[in-house]
Amino acid sequence: MTRSPLLSTLSTVAASAALFFWLTPIAAKPYAFITNQGDDTVSVIDTAENQVIETLKVGSKPSGVAVSGNGRIVLVADSAGKEVTLLDGEQLKAIGSIPVGDGPVGVALDSQGKRGYVADWYAHYVAVLDIPARKVIAKIPVGKSPSGLAVSGDDRRVYVANRDSDSVSLIDAQTLKVVAEQKVGEHPFGIALDENRNRLYAANVVSNDLTVLDAKTLEPIQTVPVGDRPYAIALADKGRRVLVTNQYDDTVSVIDAEQLKVIETLEVGEYPEGIAAHPDGRRVYVANWFSNSVSVLDARDLRLLATISTGNGSRAFGRFISP
């Protein structure tokens with residue numbers, strides 16, 4: 001029997017497609033981007049395998065990190081280099097840098113990775129970056145020693161914790177002006193926004209507690225005691241659980257968001273700092289500064305799943321996991 005030209009062509013196309021499928025590597029996402037302050041690098045963790053798959057050289061003493069809502073851009077605060085490094089979040093390579101002020105610490109990006117925000121610890125302002133143009137377009141004065149940042153899902157609001165003013169500021173991202181400020185506990189550092197519950201959480205380093213605020217008005221709702229030296233916050237299980245790193249305890253406090261009280265305390269590595277939730281809503285990654293590692297927690301079963309060795313001095317302060 002003679003095979004028709006059409007069938008022959010279809011067979012060739014199918015074979016090529018199959019070959020392409022098998023030869024094309026499956027995208028290993030989401031990635032976790034861990035800043036290592038001691039060796040000026042970023043460890044990229046494939047969260048599917050919980051392994052470091054790449055180590056990227058960045059600027060001097062990286063600390064803060066943020067991934068854009070679409071996962072394409074990663075912003076790294078090089079605290080000693082007085083600049084931020086831009087990474088391609090998909091190709092996993094450095095694509096540029098932008099000089100900023102005296103002491104970049106916390107960073108944040110909008111949903112599309114076009115606008116960035118940098119908290120300047122020494123100059124007491126938030127720098128606004130035009131990412132495509134690679135330049136600073138505004139500097140917004142806020143409280144003393146700004147640190148943690150959070151951007152709303154519609155990119156219209158920016159929150160910043162002012163450590164040495166014991167306050168949180170709300171910035172209108174269109175007018176680039178502070179529209180509200182609220183006192184919280186002593187020395188707030190990390191913040192997290194839960195838009196479903198209209199809440200903003202602030203971790204207060206010195207008063208060892210968490211301030212819960214109304215995200216629109218910044219009116220205080222409640223204060224929740226946590227561990228020793230709370231630093232950063234992540235929301236898991238659709239915001240039902242709030243996890244806080246405690247630097248001096250080497251622990252993470254787990255708060256039930258409905259009861260607003262600690263229901264468990266989990267041991268992690270030494271001096272935990274950055275913390276971020278996986279898009280699955282269940283796994284939470286914790287950067288341990290002094291043990292050069294990342295702990296992976298199950299926020300539902302409240303247990304340690306894995307420990308991943310990273311670089312020297314892992315801090316990862318910010319939203320460090322891609323969507």
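Okay, one definition before anything else: two strands count as paired when DSSP finds at least two bridges between them. With that in hand, have a look at strand β21, where valine 242 is the bridge partner of leucine 235. Keep that leucine in mind, as I'll come back to it.

First, what we're looking at. This is a predicted model. The mean pLDDT of the protein is 92, and 91% of the residues reach 70 or more. The part to be careful with is residues 1-26, where the pLDDT is below 50. Beyond near neighbours in sequence, that stretch makes two contacts in the model.

β20 and β21, the latter covering residues 241-246, pair in the antiparallel sense over five bridges. They make a hairpin with four residues between the strands, and in the turn aspartate 237 has a positive phi of about 50°. So how much of β20 is buried? Six of its seven residues are, so the strand is largely enclosed by the rest of the structure.

Which strands does β13 pair with? One is β12, residues 146-151, antiparallel over four bridges. Within that pair, proline 146 stands opposite asparagine 162. The β12 and β13 hairpin has five residues between its strands, and aspartate 155 there takes a positive phi near 65°.

Another partner of β13 is β14, residues 167-172, again in the antiparallel sense, over six bridges. Here tyrosine 159 stands opposite leucine 170. This hairpin has four residues between the strands, and aspartate 166 in the turn has a positive phi of about 55°.

While we're on positive phi, two loop residues are worth a stop. Lysine 82 sits in the loop between β5 and β6. Its phi is positive, about 55°, although it is not a glycine. Lysine 82 is partly exposed, with a relative accessible area of 43%. Then there's asparagine 292, in the loop between β25 and β26. Its phi is near 55°, also a positive value in a residue other than glycine. Asparagine 292 comes out as partly exposed, at 28% relative accessible area.

The largest nonpolar core has 24 residues, and Phe33, Ile34, Leu87 and Phe320 have the most contacts inside it. Which elements give two or more residues to this core? They are β1 (31-36), β2 (41-46), β4 (62-67), β5 (73-78), β25 (283-288) and β26 (293-298). β1 gives the most, with four residues.

Leaving aside neighbours within four places in sequence, its contacts include Val42, Val65, Leu87, Ala316 and Phe320. There's also a second, separate core of 20 residues, and Ala236, Ile275, Val284 and Ala299 are among them.

Leucine 75 lies in strand β5, and its relative accessible area is 0%, so it counts as buried, the cut-off being under 20%. Leucine 75 and glycine 113 are 38 residues apart in sequence, yet 9.0 Å apart in space, C-alpha to C-alpha.

Leucine 297 is in strand β26. Its relative accessibility is 0% as well, and it counts as buried. Apart from neighbours within four places in sequence, leucine 297 is in contact with residues including Leu243, Val252, Leu266, Val284 and Leu305.

Last stop, the largest pocket. How much space lies in it? About 1200 Å³. It is lined by 46 residues, and the closest to its centre are Val151, Ala192, Leu193, Leu235 and Arg319. So that's our leucine 235 again, the bridge partner of valine 242. Strands β4, β8 (104-109), β12, β16 (188-194), β20 (230-236) and β24 (272-277) each supply at least two residues of the lining. That's my tour, and I'm happy to go back to any of it.

Terms used. Residues are numbered from 1 along each chain as its sequence is written. This is a predicted model: local features need pLDDT of at least 70, side-chain atom pairs count only at pLDDT 80 or more; totals for chains, interfaces and linings use all residues. Side-chain values use heavy atoms; hydrogens and water are left out. pLDDT is the predictor's confidence in each residue, from 0 to 100. Contact means heavy atoms within 4.5 Å. A nonpolar core is a set of buried Ala, Val, Leu, Ile, Met, Phe, Trp, Tyr and Cys residues joined through side-chain atoms within 4.5 Å. Buried means under 20% relative accessible area, exposed over 50%, partly exposed in between (1.4 Å probe, protein chains only). On a 1 Å grid over the protein atoms alone, a cavity is a set of points where a 1.4 Å probe fits but cannot get out, and a pocket is an open set with protein on both sides within 12 Å along at least five of seven lines; lining residues have an atom within 4 Å of a point. Grid points are joined across faces, edges and corners, and a volume is the space filled by probe spheres set on the points.
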